[in-house]
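Subject: Structure for you to look at

Hello,

Here is the structure I promised to pass on. Please open it beside this message, and read the notes below with it in view.

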Amino acid sequence: MQSLWMLFAAFSFSLMGVGVKLASGLYTTGEIVFYRSAISMLIIWVMLASAGISVRTPHMTTHIKRSVFGVTALMLWFTSISLLPLATAMTLNYMSPVWIALIIGAGAALAGTGGGADRKLIGAILMSFAGVICLLQPSVGKDQLTGGLVGLISGMFTAFAYVEVRQLGQLGEPEGRIVFYFSLVGSVVGLVWMALTGLSPHTWYGAALLLAIGVLATLGQTAMTRAYKRGNTLLTANLQYAGIVFSSVWGMLIWNDALNWLSWLGMGLIIASGIATTLTRARENTNQQPTAATPVKSAEAEVHPEV
């Protein structure tokens with residue numbers, strides 16, 4: 001039952017996506033990233049302090065690398081949300097498990113430690129890119145094609161960020177500290193962006209959207225972490241795709257988004273490939289475990305750009 005926290009996380013992230021899309025008409029991407037990160041950083045700092053966990057770390061370089069990748073993914077993701085139907089932007093970003101498989105596989109091949117590529121994994125990767133072609137069909141407008149490319153690159157940077165998250169986890173860094181530095185770097189990047197481009201005027205409506213984005217991001221992070229720590233890893237990793245369903249509903253209700261059958265097919269292929277990649281990577285990790293004493297964690301755990 002603990003894995004069901006991922007459904008709440010997916011719901012929170014989908015609502016945050018709604019807030020980002022609405023706020024994108026009032027603020028720049030840098031401003032949204034700054035307020036989202038600053039609010040989250042404050043909440044996480046209070047949570048860490050109440051738990052007696054210091055924000056000091058001996059692994060600052062790795063934190064910075066992870067945070068730069070994560071913040072880049074976040075900014076690209078928010079940009080794609082402003083350019084694409086919400087469900088499309090969410091789906092493209094959820095391709096990160098496929099990118100992770102490609103990155104880890106390429107790294108193993110270069111190091112000479114990897115065996116032959118798994119046929120199922122190759123099939124899942126090809127399926128995901130077939131889904132992209134269906135989702136970003138030639139009939140889409142120029143803005144959507146640009147947004148689609150931005151969304152794809154966002155998923156790739158999310159995968160790079162996850163590789164660093166996994167390293168920090170192996171170093172014993174608590175999740176809260178990882179999220180804190182991610183939010184700190186996001187605040188700094190957003191602040192620099194605003195210093196260069198200027199500030200947008202505030203309204204009560206805009207301020208409420210920014211506050212909601214920050215709170216929903218933190219709620220989603222907390223629920224997702226709880227799901228991965230206490231629930232079944234594979235079930236949790238696959239339940240994250242409920243976020244695409246939620247986003248599709250919000251898009252149809254709020255913006256009257258109309259996705260044709262080819263777009264729905266593309267979304268389905270990407271979801272299926274993500275689940276297949278998760279299962280394949282989990283099986284490989286299980287086979288690589290020398291003993292049963294160490295719990296196995298899926299390679300696709302916590303790949304959302306908000307982590």
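In which helix is the place of Trp 264? Trp 264 belongs to helix α12, which covers residues 261-288. Please keep in mind that this is a predicted model.

Helix α11 gives the most to the patch, with 5 residues.

Next, the cavities. The structure holds 2 cavities of 30 Å³ or more. The second largest cavity has a volume of about 40 Å³. Trp 264 and Met 252 are among the residues that line this cavity, as are Pro 85, Ala 87 and Asp 257. Helix α11, residues 242-254, supplies the largest share of the lining, 3 residues. By class, the lining of this cavity has 5 nonpolar, 2 polar and 1 charged residues.

Last, a pocket. The second largest pocket has a volume of about 400 Å³. Its lining is made of 15 residues, and Met 47, Glu 175, Gly 176, Thr 222 and Thr 225 lie nearest the centre. Helices α2 (29-50), α8 (175-197) and α9 (204-230) each supply at least two residues of that lining. The most come from α9, with 6 residues. The lining of this pocket divides into 7 nonpolar, 4 polar and 4 charged residues.

Regards

Key. Residues numbered from 1 in each chain as written. Predicted model: local features only at pLDDT ≥ 70, side-chain atom pairs only at ≥ 80, totals over all residues. Heavy atoms only, no water. 1 Å grid on protein atoms, 1.4 Å probe; cavity = no way out; pocket = protein on both sides within 12 Å on 5 of 7 lines; lining within 4 Å. Points joined across faces, edges and corners; volume = space filled by probe spheres on them. Helix = DSSP H or I, 4+ residues; strand = E, 2+ residues; numbered from the N terminus. Nonpolar A, V, L, I, M, F, W, Y, C, P; charged D, E, K, R; others polar.
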